[in-house]
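The following explanation is intended for a reader who meets this structure for the first time. Please keep the sequence and the model in view while reading.

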Amino acid sequence: MDGQLSMWYTGISRSADSILKKQSEDTAKKLAVLDFMRGQADAMVSELSENGYSDYFADALKMGWEKKKSITGGISNGTIDALYEKAIAAGAKGGKILGAGGGGFLLFSCEPENKAKLADALGLKEMHFRFTNHGSRVVFLSEN
């Protein structure tokens, strides 16, 4: 797979505080899930550096999404789940919600030849991004 990542704005705004508070309250019950996710992140870094956006990477995104949703309620909802399923049906190999969940942005791994189909299926605004060592920042915002 010569996949690439794309990020899409769901149009759902929310306060992450309530989701993060509930997640914090549930942490003791979810340590095994959180340990799995931490280990998975290390494995994905290795995979990216060795093989790029491989099928393994896409499968790990998908599995991580399922684990993240199991942490607490509010991370996903019917709208987000429907968008995720549309993306997979359109050719995305895996993906997840970014941040606390509940809205915001979805990230998908998709082969370049399926990108237009993904865009049509989602009907969302694609957000262009790049990786940095400084955390997330809005550098430029345009309505175009």
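The model is a predicted one, in which local features need pLDDT of at least 70 and side-chain atom pairs count only at pLDDT 80 or more, while totals for chains, interfaces and linings use all residues. Residues are numbered from 1 along each chain as its sequence is written, and side-chain values use heavy atoms, with hydrogens and water left out.

Helices (H or I, at least four residues) and strands (E, at least two) are DSSP runs numbered from the N terminus. Two strands are said to pair if DSSP finds at least two bridges between them. An open sheet is built from four strands in the order E2-E3-E1-E4, with antiparallel pairing. At its edges lie strand E2 (92-97) and strand E4 (125-127), each of which pairs on one side only. On average, neighbouring strands of this sheet are turned by 35 degrees against each other, direction ignored. Five bridges link E2 in the antiparallel sense to strand E3 (residues 105-110); Ala92, for instance, has Cys110 in E3 as its bridge partner.

Helix H4 (residues 78-89) packs on the sheet and touches E2 and E3, contact meaning heavy atoms within 4.5 Å. The direction of H4 makes about 160 degrees with that of E2; axes are lines fitted to C-alpha atoms, for helices over the stretch in contact, and angles run from 0 to 180 degrees between N-to-C directions. Helix H5 (residues 115-122) lies across strand E1 (4-9), E2, E3 and E4, and runs at about 15 degrees to E1.

A salt bridge is a side-chain nitrogen of Lys or Arg within 4 Å of a carboxyl oxygen of Asp or Glu, and the count by this rule is five. One of them joins Arg38 and Asp35 at 3.6 Å, N to O. These two residues are three apart in helix H2 (residues 31-51), and are thus separated by about one helical turn. Arg38 is exposed at 56% relative accessibility, whereas Asp35 is partly exposed at 41%; buried means under 20% relative accessible area, exposed over 50%, and partly exposed in between (1.4 Å probe, protein chains only).

Lys69 meets Glu66 in a salt bridge of 3.8 Å, the two being three residues apart in helix H3 (residues 55-69). Lys69 also forms a salt bridge with Asp81, at 3.5 Å. Because Lys69 lies in helix H3 and Asp81 in helix H4, this pair ties together parts that are twelve residues apart in sequence.
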